[in-house]
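Hi,

Here is the structure I promised to send over. My notes follow below it; please have a look when you get a moment.

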Amino acid sequence: MVRIGIDLMGGDNAPLAILEGILNTIMINKDIQIVATYHNSVDIYSLIKEIHNFYPRRSKIRNFIRKGLWKDRINFISCSSYISMEDKFFNFLKDEDNTLTKIFTFLKNGQIDAVVYAGNTGAFLEGSVLKIGRINNVKRPALLTILPFSNPPLFLIDSGANSECKPDYLLQFAIMSSTYYKILFS
């Protein structure tokens, strides 16, 4: 079973859209367990009810929610703060009860296997480097975007967070992305 950490507060139309994506994903993929952090002002069960009521009566997702088949697959963790898209992300890691900080802590401690985050890119990049660390000899991390409009899909490396890149960073980005591409598609 793959354990994925998700910050419900990150991204457009969060937390509703993120929770809806989680429910649809675990309905389709039986081998995924979710750890979801959220701000304590959010009523998770109201959101689940809203998602349930949005879908047609005979839909698979509505039946999945109604039967409570999601309950053993999602562990919700309430937190006292979160990073919005407008927030300055510097020093957010000092707040141990922040939704994104908790996710990184779970990853570092081996409680989850991966992180999915759709929110503040700067915070995600800072948190991943400072809390988890870089691969040995990698000077700067880069974001990878998968463009699915061809088969196999195209990779766009360094799609956002680095405003100033040195030539050796670009070389490392190319090596990392081509290696990952070969693993997935060779």
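**Salt bridges, a helix and a patch**

The count of salt bridges comes to four, taking a side-chain nitrogen of Lys or Arg within 4 Å of a carboxyl oxygen of Asp or Glu as the rule. Please keep in mind that this is a predicted model, in which local features need pLDDT of at least 70 and side-chain atom pairs count only at pLDDT 80 or more, while totals for chains, interfaces and linings use all residues. Residues are numbered from 1 along each chain as its sequence is written, and side-chain values use heavy atoms, with hydrogens and water left out.

One of the salt bridges joins D113 to R3, with the closest N and O atoms 2.9 Å apart. D113 sits in the loop between α4 and β4 (114-116) and R3 in strand β1 (residues 2-7), so this pair ties together parts that are 110 residues apart in sequence. Helices (H or I, at least four residues) and strands (E, at least two) are DSSP runs, numbered from the N terminus. D113 is partly exposed at 42% relative accessibility, and R3 is partly exposed at 29%; buried means under 20% relative accessible area, exposed over 50%, and partly exposed in between (1.4 Å probe, protein chains only).

E96 and K131 also meet in a salt bridge, at 3.8 Å from N to O. Since E96 lies in the loop between β3 (74-79) and α4, and K131 in helix α5, the pair ties together parts that are 35 residues apart in sequence. E96 is partly exposed at 44%, whereas K131 is buried at 16%.

That brings us to α5 itself. At the start of α5, a side-chain oxygen of N120 reaches to within 3.2 Å of the backbone nitrogen of G122. After the helix comes G133, with a positive phi near 105 degrees. The buried residues of α5 are A123, L125, E126, G127, S128 and K131, and what covers them includes α4 (99-108).

Finally, which residues form a nonpolar patch on the surface? They are L144, I146, Y180, I183, L184 and F185, with about 540 Å² of accessible area together. The largest share, four residues, comes from α6.

Best wishes

Key:
Contact = heavy atoms within 4.5 Å. Polar contact = N/O pair within 3.5 Å; in protein donor to acceptor, adjacent residues only side chain to side chain. Patch = residues over 30% accessible without salt bridge, like charges linked within 9 Å, V, L, I, M, F, W, Y side chains within 5 Å. Areas by Shrake-Rupley, 256 points an atom, 1.4 Å probe, with all protein chains shown as cover.
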